[in-house]
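Work through the exercises below with the model open. Each task is followed by its solution.

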Amino acid sequence: MKPKALVLQAHGSNRDFDVIEALTLAGADATGIPLNALRINKTLLSDFQLLVLPGGFSYADSLGAGKLLALDLASYFVDEISAFVESGKPVIGICNGFQALVKSGILPGDAEGQSTLTFNAQGHFECRWVTLRPVSQKCIWTTGLDELIECPIAHGEGNFQTSPLFPLSSFLDNDQIALTYSYPNGSPANAEYPINPNGSLHDIAGICNSQGNVLGLMPHPENHIHPYQHPQWTRGISRHRGLTLFGNGVKYASELN
Amino acid sequence: ETETIDSLIRTYLKSATDKINAPWVISAFVDNAGIIDFDDEFEISFKVETHNHPSAVEPFGGANTGVGGVIRDILGVSAKPIANTDILCFGNQNLDPNQLPEGVLHPRRIQSGVIAGVQDYGNKIGIPTVNGAILYNEGYTANPLVFCGCIGIAPKGKHRKTPQIGDRVTVLGGRTGRDGLRGATFSSMTMDAQTGEVSGASVQIGDPITEKGLIDVIVRARDLGLYNDITDCGAGGLSSAVGEMASKLGCDAELTRVRLKYPGLAPWEIWLSEAQERMVLAVAPENIPALQTLCDTFDTEITDIGTFTGDGRLTVRYDGNIVIDMDNEFLHEGMPQRHLKAVIKKPIAYSRVFEDRISNIKETLLNFLSNPNIASKASVVRIYDHEVQGGTVIKPLTGIEADAPSDATVIKPIGTKGTKGVVLSNGINPEYGKRDAYKMAWSVMDEAIRNAVAVGANPQQIAVLDNFCWGDPLRSETLGSLVEACRGCHDAALFYGTPFISGKDSLNNEYLGVDGLRHAIPPTLLISAIGIVQDVNQSITMDLKGADNFIYLVGDFPAEPKPVPDVPDVPSSTTQVYRVLHQAITGGLVKSVHDLSEGGLAVAAAEMCIGGRLGMELDIEESTLFSEVNGCLLVEVSPVNASAFENQFANLPFNRIGKVTSTSILKIANDEISVDELVHAFNNPKHT
């Protein structure tokens with residue numbers, strides 16, 4: 001039975017339809033639900049097996065990228081969201097969604113201020129294609145992915161940094177680094193711009209929670225689900241699609257109940 | 001001899017479209033945007049606007065609201081915006097500040113503000129900025145040009161334009177304030193040293209998140225059939241939007257109902273304010289509740305300010321008291337036609353001969369590549385989100401290192417079945433405008449169409465938009481060159497079979513210096529083209545693909561070094577060349593295509609080498625290397641397809657001029673330039 005995926009449409013989300021198309025192609029029954037509709041009927045969330053916080057500029061990124069959406073998650077919807085996360089259902093936050101998951105404390109794990117996504121080291125918004133190496137085997141979205149993923153980034157605040165509360169060593173020890181920026185041949189970016197496009201610590205492009213069901217990442221795999229989206233498809237190159245990552249999430253959701 | 005022309009637009013632009021009578025044109029010149037057929041389910045709309053004077057006074061705000069404004073034109077034809085294009089014209093970036101006319105911001109400050117304004121609006125509202133250009137000319141120092149364009153898509157047959165008696169006059173979106181007051185008049189008057197102080201308030205304030213709410217609501221309201229008419233609140237604010245929508249039925253509107261940003265606005269200020277992010281809709285009373293729910297869901301405000309009466313009068317009240325009571329006939333038809341005198345001067349006929357510059361090909365080529373008008377714009381394109389909506393198939397930057405300039409962009413709109421695509425390109429050349437407006441029009445039409453064909457557009461289904469930016473039409477020579485440019489558009493449109501579907505003119509782009517001198521911009525015509533590719537998988541890019549492939553020069557290229565005419569003509573075989581090239585592209589015979597424009601053949605070849613990080617060996621008459629011509633392109637063809645390609649071009653002008661080499665060196669006659677040197681020059685513009 002096709003798992004039902006909820007794509008949360010906050011005021012200012014703008015890659016909602018991109019990820020709905022990706023999830024549909026990956027076998028889910030994906031629908032966009034406006035945040036205000038959820039505000040009126042909070043129990044709606046429990047009818048779904050997969051939750052997506054899409055890319056965009058929720059609330060125009062006032063007070064910092066993802067900050068106000070984070071407040072929604074950490075206060076208004078705290079019970080429903082924590083129930084969803086604790087039930088082990090797959091959750092993915094992309095770009096603005098990742099910023100909201102981090103600033104609400106859902107990532108890396110149940111407390112605010114453990115890590116953050118700050119201004120790009122280059123000091124401006126940037127849109128370019130990157131190569132990602134899936135790492136974590138604990139994360140249900142990236143486990144078993146032996147191929148690299150190539151897709152675009154489009155952000156101004158994607159520089160992932162940790163705090164002493166949850167240092168890099170914790171990520172390494174708990175296998176919570178989901179994806180890292182790498183060269184097209186898979187070798188690590190080693191903070192080399194533009195391979196690591198924003199100065200993120202340890203080339204981190206995405207992390208997961210300790211349970212492994214919640215993934216947050218800055219790049220947009222939903223914008224590489226068709227061959228003709230790759231920047232070098234006219235050169236006969238159309239490898240490393242982002243669809244495999246969504247395939248993992250949808251498969252896991254379908255096996256849940 | 002003298003001639004009387006009744007309306008340049010009707011005489012030249014609309015008449016060309018009527019004569020071409022293309023079946024796939026759905027709406028031309030009558031609505032907020034031009035509309036063409038896309039497939040059996042969808043139609044594509046396109047509009048390009050200018051926000052010049054606001055951007056001179058407040059660069060960020062002017063450009064920001066330029067983008068916001070053209071997006072609302074697309075919403076005004078019930079379409080969802082899917083791509084933006086921005087063409088920006090600035091003064092020279094290293095201008096000595098002491099030479100700056102009184103009260104004029106330095107070109108560097110104007111550029112940084114404008115680019116940031118375009119970035120802020122396009123990125124935040126989630127529309128990919130995929131096409132455009134940046135030009136530098138000292139004529140734009142006091143009067144920059146900011147062209148903002150937007151493409152939209154909508155299901156066919158859902159756009160309604162007939163308000164009914166009893167419908168409510170409904171305002172959706174932002175609140176009303178004093179921002180943008182007299183914006184319309186300010187945009188068409190000569191600027192001077194005091195303009196900044198006097199018209200500072202005329203520059204509107206943008207808020208992309210509010211307009212994102214408008215998109216979310218209107219797309220859904222359209223599909224539910226909740227409104228009978230829709231238009232955007234642009235120049236003139238409610239006075240134009242409500243006035244035009246009520247031009248047949250008449251209406252009775254109450255200004256105290258309009259939601260204000262702050263109290264204290266006089267009635268005329270409410271009626272004329274050009275506050276942003278507002279749309280006006282005609283909504284049947286029974287549909288108001290459903291529209292209200294939609295607006296609440298997507299954080300958008302809706303205000304009912306009156307009704308369409310059917311009495312043919314525009315009645316506007318303030319707290320019940322009548323402030324406007326006018327007969328529609330007088331208001332809309334009563335304006336006498338302006339009579340202006342135009343003098344058409346013979347174009348300045350001097351011809352440039354290139355011989356002296358060919359002494360050192362390498363140095364000349366590297367200088368061309370570092371010319372700010374040719375050099376890489378990657379640093380600007382990189383800060384624009386050109387990937388959102390996942391439809392960008394041919395991207396603004398292409399090649400192995402994604403740093404070579406695409407000729408045009410191909411978009412596969414999200415949500416459409418099949419693999420049909422939309423092509424977006426443009427053509428602009430102010431240098432030609434200074435010399436011969438008639439031939440300039442032909443050249444920029446050719447450039448826009450040539451760029452679209454170069455990525456795979458079908459030359460027989462391309463529509464164009466005109467945007468004229470001229471000086472003061474009260475000066476007869478200025479008006480004379482405008483008439484010649486319109487005549488050029490008309491003749492070129494018929495030659496190519498490309499109808500005009502919309503356009504706009506911005507006049508009085510002049511600055512009165514303290515020295516009493518009028519600084520007018522070079523007569524600038526932007527042609528924006530929109531085309532269709534049957535299958536996006538057949539579209540093509542300009543980066544070289546493989547060593548040992550042949551390089552062909554297609555089009556009527558001057559073989560011997562005859563003096564270059566001041567503004568090149570368009571060869572008569574051009575439409576045939578484009579049709580046959582299109583067949584070769586869709587037939588899979590071609591590996592890469594790139595058009596010749598500024599800097600001629602040598603620059604085009606260099607850009608292809610940069611794209612593929614491959615070399616070329618060219619055998620070409622040296623003195624024609626930098627000739628600027630129309631109708632010519634370089635085409636890379638693999639040897640296995642060479643004979644088939646040559647057969648298709650049998651009775652057309654073409655020439656095999658060399659081949660691709662794996663040694664990354666561009667070799668022309670006995671000059672050798674490494675691709676690394678080309679890349680370095682291209683990525684390091686030398687601003688003056």
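The exercises cover a helix pair and a chain contact.

The model is predicted, so local features need pLDDT of at least 70, side-chain atom pairs count only at pLDDT 80 or more, and totals for chains, interfaces and linings use all residues. Residues are numbered from 1 along each chain as its sequence is written, while chains are lettered from A and ligands numbered from 1 in the order in which they are written.

**Exercise 1.** Classify the packing of helix 15 and helix 16 of chain B.

Step 1. Helix 15 of chain B spans residues 437–454 and helix 16 of chain B residues 476–496; helices are DSSP runs (H or I, at least four residues) and strands likewise (E, at least two), numbered from the N terminus.

Step 2. The axes lie 7 Å apart at an angle of about 40°. Axes are lines fitted to C-alpha atoms, for helices over the stretch in contact, and angles run from 0 to 180 degrees between N-to-C directions.

Step 3. The two helices are therefore oblique to each other (under 35 degrees is roughly parallel, over 145 roughly antiparallel, 65 to 115 roughly perpendicular, the rest oblique).

Step 4. Among the residues that meet are W442(B) and M445(B) from helix 15 of chain B, and G488(B) and C489(B) from helix 16 of chain B.

**Exercise 2.** Which element of chain A gives the most to the side that touches chain B?

Step 1. Chain A contributes 29 residues and chain B 33 residues, contact being C-beta atoms, placed from the backbone, within 7 Å.

Step 2. Elements giving two or more residues on the chain A side are helix 1 (16–25), helix 2 (35–40), strand 6 (126–134) and strand 7 (149–155) of chain A.

Step 3. Strand 6 of chain A gives the most, with four residues.

How values were computed. Contact = placed C-beta atoms within 7 Å.
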